[in-house]
Amino acid sequence: MRQIEVLAPAGSFETMKAAYKAGADAVYMGGPMFGARAYADNADMEQMLSAIDYAHLHGRKLYMTVNTLLKNIEIERQLTEYIRPFYEQGLDAVIVQDLGVMTLIHTLFPDMAIHASTQMTVCGTQYGEWLRDHGASRIVTPRELDLSEIANMKRRTGVEIETFVHGALCYCYSGQCLMSSMIGGRSGNRGRCAQPCRLPWTFQADHKSSSGYLLSPKDLCSLSLLPDLIDAGVDSLKIEGRMKKPEYAALTAYLYRKYTDMYLTGGRENYHVDKEDIHQLMDLYNRGGFTDGYFNRHNGGGMMSVHRPNHSGVYIGQGSMGRKDEIIIQAEEALGTGDVLELPDGQSVKIDRNVAVGGRLKLQYAGKPFKQPCRIMRTRNESLIRSVTEQYVKNSDLKEKLYGYVSISKDLPARIDLYHEDDHAAAEGALVQAAEKRPLEKEEICKRLMKTGGTAFEFENLEISLDEGCYMTVQELNQLRRKALEEMEQVMLKPYRRIWQPSPDTSVHIDKKTESGFEVSVLVSSKEQAKVAVEFEEISRIYFNYEGNKELVLEISELVHRAGKLFYLAMPYILRKDTDALCLAHKQILCRNVTDGFLIRNMETLLMLRREGFDQPCISDYNMYCMNDRASQVYTQMVDQITLPAELNRKELAGLLASGNGEMIVYGYQPLMVSAQCLLKTTGKCTEKPGYYELEDRKHKKFQVHNVCAFCYNLIYNSVPLYLMDVVSEVMQIGAAGMRLQFTGETAETVRRMISDGVRAAKGEHVTAAGDFTKGHYKRGVE
């Protein structure tokens, strides 16, 4: 039978044990550093080492998250010594986002598995093949991939495929979000996301306003699709939720194990999901209901929890007014003592008695009276929580069954042999004495040796060979048991232990490729902006955002070339199977006579261009993260120039060897999110017409939204533009190869004014920002 892994989240040692007890084959958890859930109850060093042993003693696996972007000081001074003890203990795999981290771990710890995090945004099979060839044994697919894309990834790469099947959905493609970072300084790429997307927003489009929790997806539940996922080649069913409680990890692991086994043993004809199990999952945690995600769709308003984003509960009955100070609930689901209900005005109340299905419950109600019956939700199912706690949390210790054989003979050391599957351990104790008064009896020996206490073992069978007239003290028997169990533990763990061997030279080498002096380039999004940009002779390179309009690309390319400047095509932020085909259908614009080079926003695009024989210069954009020199080294071996990262401060940027190959963005509305969702579709219907719209947060800050219809994604830009023209002299001192000004929906007048500032600043003139701007992370950086 094919082995399908149920992979549970563990934010703590307690949660890990509960998940294993409930049926998880593996857990993923964070250690004390470098995990994407910095605010979870992450294990410290000793707890993590113990967790690795606990997993292996019980035939399970443990994966550790190292899935953040690392700075130079962290990767060079901390990473190796951080990983080493876990590696030597037998850690099964690390989950990584940073390409620099991946290459260093693969070099220093070559026999430890590396899982490419969903934060890598691996949307295409070529990137998957590249990761396989550079050390990744498993790919965690983006949540946005559909079943056919997952199946193709498995078929083409041959690596293990891990896919999220339950829990929270991010609004943005994972790894492509700077919203929390730019708004509040808490970077999702560093494990500190504050989730501003989960707050209320207002969207303005075509004179129509829509409000609600517009960026808050419902939680994913894939029980109904498990047969399709398994048939698509998914090897590991991943449950999200390292910030959630042990009860959540336990019940989700139990149900996904239950239904996985149901399909593997009974096939599709016998596969049926019980509605009660779905209700239990909803009672446990959900954001306004469940969705089956992107597996059979690209996006849709039905996936969003617009009106009940943070609600965790299920509908249990109708509420109506009795007297003005009470509400009468007609229960359609059984209620228990301690259950928490949400009343019409948002109040929560805990009930103090059991209510059967169809029963009535009267509660005091201080809210505003209402006329129509209302839906009552249960936000905490106390009996369910209590049941899960008792079954999996309080009694979470797993026990391995042992067969034991004890030999006690006078004038010989007592001996015990232990057997567990193919493992054997033996221990000898004190010399057995002749009994002077009361000889040993088998019952007493059995009683003492069966006390395995807090160990990982219990005896299934204990055979005792005892000569007449023998004597041992209670202490000697206890010591014999302890010694034998410790020996069995060492025998079982020995195959997992590793000895670390220092590798040869792993120093970073980055050759500076740019020798043409400090360059000024401009990225435009319209023909009108391009017309302004070509007026400035100091501009050497003009990028144009390619959004599927071939004719417009040809027009702007001709305009730029006529002005004697280089024309670079800024490629899509996301490239998937259908958008890959669209790019290749427009091969004409990719040729040298049209395009002098490319601004690349993902590895899929870079690999696609090289596969098709386009060898023009390529520049990686800010979202191909080069937060450290090792990541930069990976990219500079594949591209001609990088874009310096947006989350490092001046001092950190100055410390990058790659700065000499880096172009720095000094002006523009920075993209905060790239989403497969469409706000037009969520709040109305898809128009299939690209445009710029307005998103407003609860503080009345306005953010541009651009729907890129040809490639079917939304871009959400920062509410204020970045302005670093007043520190260009410092940017030059950092060693940057050049600077870039980026324009989205700005008027021609604004474009002219900003380029003028940039050109003057590059000449050493003093310029000053006029208006509402941000310096991004140039001064503050991120934690």
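Helices (H or I, at least four residues) and strands (E, at least two) are DSSP runs, numbered from the N terminus. The model is predicted, so local features need pLDDT of at least 70 and side-chain atom pairs count only at pLDDT 80 or more, while totals for chains, interfaces and linings use all residues. Residues are numbered from 1 along each chain as its sequence is written, and side-chain values use heavy atoms, with hydrogens and water left out.

Q: In which loop is Asn628 found, and is Asn628 buried or exposed?
A: Asn628 sits in the loop between β29 (618-620) and α19 (629-636). Buried means under 20% relative accessible area, exposed over 50%, and partly exposed in between (1.4 Å probe, protein chains only). Asn628 has 0% relative accessibility, so Asn628 counts as buried.

Q: Which residues does Asn628 touch, not counting residues up to four places away in sequence?
A: Contact here means heavy atoms within 4.5 Å. With residues up to four places away in sequence not counted, Asn628 touches Leu70, Lys71, Asn72, Ile75, Asp98, Gly100 and Leu656.

Q: How many residues of α19 are buried, and which elements do they pack against?
A: Helix α19 is mostly covered, with eight of its eight residues buried.

Q: Which residues of α4 are buried, and what do they pack against?
A: In helix α4 (residues 79-89), the buried residues are Leu79, Thr80, Tyr82, Ile83, Phe86, Tyr87 and Gln89. An α-helix has 3.6 residues a turn, so residues three or four places apart point the same way. After α4 comes Gly90, with a positive phi near 115°. The buried residues of α4 pack against α2 (45-57), β3 (61-66), α3 (72-77), β4 (93-96) and α5 (99-108).

Q: Which residues have the most contacts inside the largest nonpolar core?
A: A nonpolar core is a set of buried Ala, Val, Leu, Ile, Met, Phe, Trp, Tyr and Cys residues joined through side-chain atoms within 4.5 Å. The largest one has 228 residues, and those with the most contacts inside it are Leu62, Ile83 and Leu741.

Q: Which residues is Leu741 in contact with, leaving aside neighbours within four places in sequence?
A: Leaving aside neighbours within four places in sequence, Leu741 is in contact with Val520, Ser521, Val522, Leu523, Val666, Tyr667, Met725, Met754 and Ile755.

Q: What separates the C-alpha atoms of Leu679 and Leu215?
A: Leu679 lies in helix α21 (residues 679-683) and is buried, with a relative accessible area of 0%. Its contacts beyond four places in sequence include Tyr171, Phe203, Leu214 and Leu215. Leu679 and Leu215 are 464 residues apart along the chain, and their C-alpha atoms are separated by 8.4 Å.

Q: What separates the C-alpha atoms of Ala331 and Ser521?
A: Ala331 lies in strand β14 (residues 326-331) and counts as buried at 3% relative accessibility. Beyond four places in sequence, Ala331 is in contact with Ile316, Val355, Ala356, Val357, Gly358 and Gly359. Ala331 and Ser521 are 190 residues apart along the chain, with C-alpha atoms separated by 66 Å.

Q: What is the phi of His207, and where is His207 placed?
A: His207 is exposed, with a relative accessible area of 84%. Its place is in the loop between β8 (201-205) and β9 (208-212). Although His207 is not a glycine, its phi is positive, about 65°.

Q: What is the phi of His700?
A: His700 is in the loop between β33 (691-697) and β34 (702-708). His700 counts as exposed at 57% relative accessibility. His700 is not a glycine, yet its phi is positive, about 70°.
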